[in-house]
Amino acid sequence: MTTPERKAITLPRLHEMHRSGEKIAMLTCYDAAFAGLLDVAGVDVMLIGDSLGNVLQGRGSTAPVSLEDMVYHTTCVRRGVKTAWVIADLPFDSYHVSKEAAWKSSAALVKAGAHMVKLEGGGWTPETVRFISERGIPVCAHLGFTPQTVTSLGGFKVQGRDEASAARIKRETQELIDAGAAMLLYEMVPAALAAEITAASPVPVIGIGAGVGCSGQVLVLHDMLDVTQGRKPRFVKNFMEGMPSVRAAIERYVAEVKAGSFPVNEIHGF
């Protein structure tokens, strides 16, 4: 689905899509060339993820990614974007020390071109979310599996499987919404739990390994194009398979997300 003439995607538009049930198609992006391609292919939201540490820098985790790395890649992406909404990750150690430091990091990403920043975790983060959002920068809150804290989680494990952890995710969700989070992202959360949260949420919920019941989906660009080598997570689908071009693969991803045919809970979910 190609929509080069579409109007710029705004936060109110994303909220309206959530309310109406129109699915939101998000992909990671790290440079201007791919940003332009994703834009014309109809991707609604581009995420400059700290996953660049894995896919671009060849690191074993996202933790070594710096704020300077994120600023650089955000600047590159915005040069290629015409209509998509742009989110940039706050990297590890850029928002943890104080809410004032978090604001400075967020402001740097906005100056580089981000429309919204994303941070990981609940519990201690609502105060930071409130401080940033009250000062005019929209925040996306990332719950479930949080890559920046993979070691404390004991590895790449699904979060929210048992009653206690599911209740914690629900509680943290409400705390973050109350603090002003304008979007949520759930990674590796049981599909039934994510669908329940999405149905009750006043803000869009994006899923990655969280089932089809979310407001929209995100994948790492290099994963869905089958560029990433080695074993891929269960929630990844190879959209390049059988397609004549990268653009066609991205358009296929957008179309399947919009139609609700990707992900399939039994195949890609938990």
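What covers the buried residues of helix H8? In this predicted model, the cover includes helices H1 (11-20), H7 (163-178) and H11 (265-268), along with strands S6 (183-187) and S7 (205-208). The residues of H8 (191-200) that end up buried are Ala 191, Leu 193, Ala 194, Ile 197 and Thr 198. They sit on the same side of H8, because the arc they span around the axis is only 160°. Over on the other side, Ala 192, Ala 199 and Ala 200 are exposed.

Helix H1, one of the elements covering H8, has its own buried set: Leu 11, Leu 14, His 15, Met 17 and His 18. Viewed down the axis, these fall within an arc of 155° and so line one face of H1. Pro 12 and Arg 19 are exposed on the face turned away from that buried side. Just past the end of H1 comes Gly 21, with a positive phi of about 90°.

As for aromatic rings, the whole structure holds five pairs. One of them joins Tyr 95 and Trp 124, which count as stacked because their ring centres are 5.9 Å apart and their planes meet at 15°. Tyr 95 belongs to the loop between S3 (85-89) and H5 (99-112), and Trp 124 to the loop between S4 (116-120) and H6 (126-134), so the pair ties together parts 29 residues apart in sequence. Tyr 95 is buried, at 1% relative accessible area, whereas Trp 124 is partly exposed, at 41%. Elsewhere, ring pairs link Phe 239, Tyr 253 and Phe 262 into a cluster.

Arginines turn up over rings too: Arg 135 lies over the face of Phe 131, 3.6 Å from the ring centre, and Arg 234 over that of Phe 270, at 5.7 Å.

Terms used:
Residues are numbered from 1 along each chain as its sequence is written. This is a predicted model: local features need pLDDT of at least 70, side-chain atom pairs count only at pLDDT 80 or more; totals for chains, interfaces and linings use all residues. Side-chain values use heavy atoms; hydrogens and water are left out. Buried means under 20% relative accessible area, exposed over 50%, partly exposed in between (1.4 Å probe, protein chains only). Helices (H or I, at least four residues) and strands (E, at least two) are DSSP runs, numbered from the N terminus. The arc is that of the directions from the helix axis to the C-beta atoms. Contact means heavy atoms within 4.5 Å. Rings of Phe, Tyr and Trp (its six-membered ring) pair if their centres lie within 6.5 Å; planes under 30 degrees apart count as stacked, over 60 as edge-to-face and the rest as tilted. A charge sits over a ring if NZ of Lys or CZ of Arg is within 6 Å of the ring centre and within 35 degrees of the ring normal.
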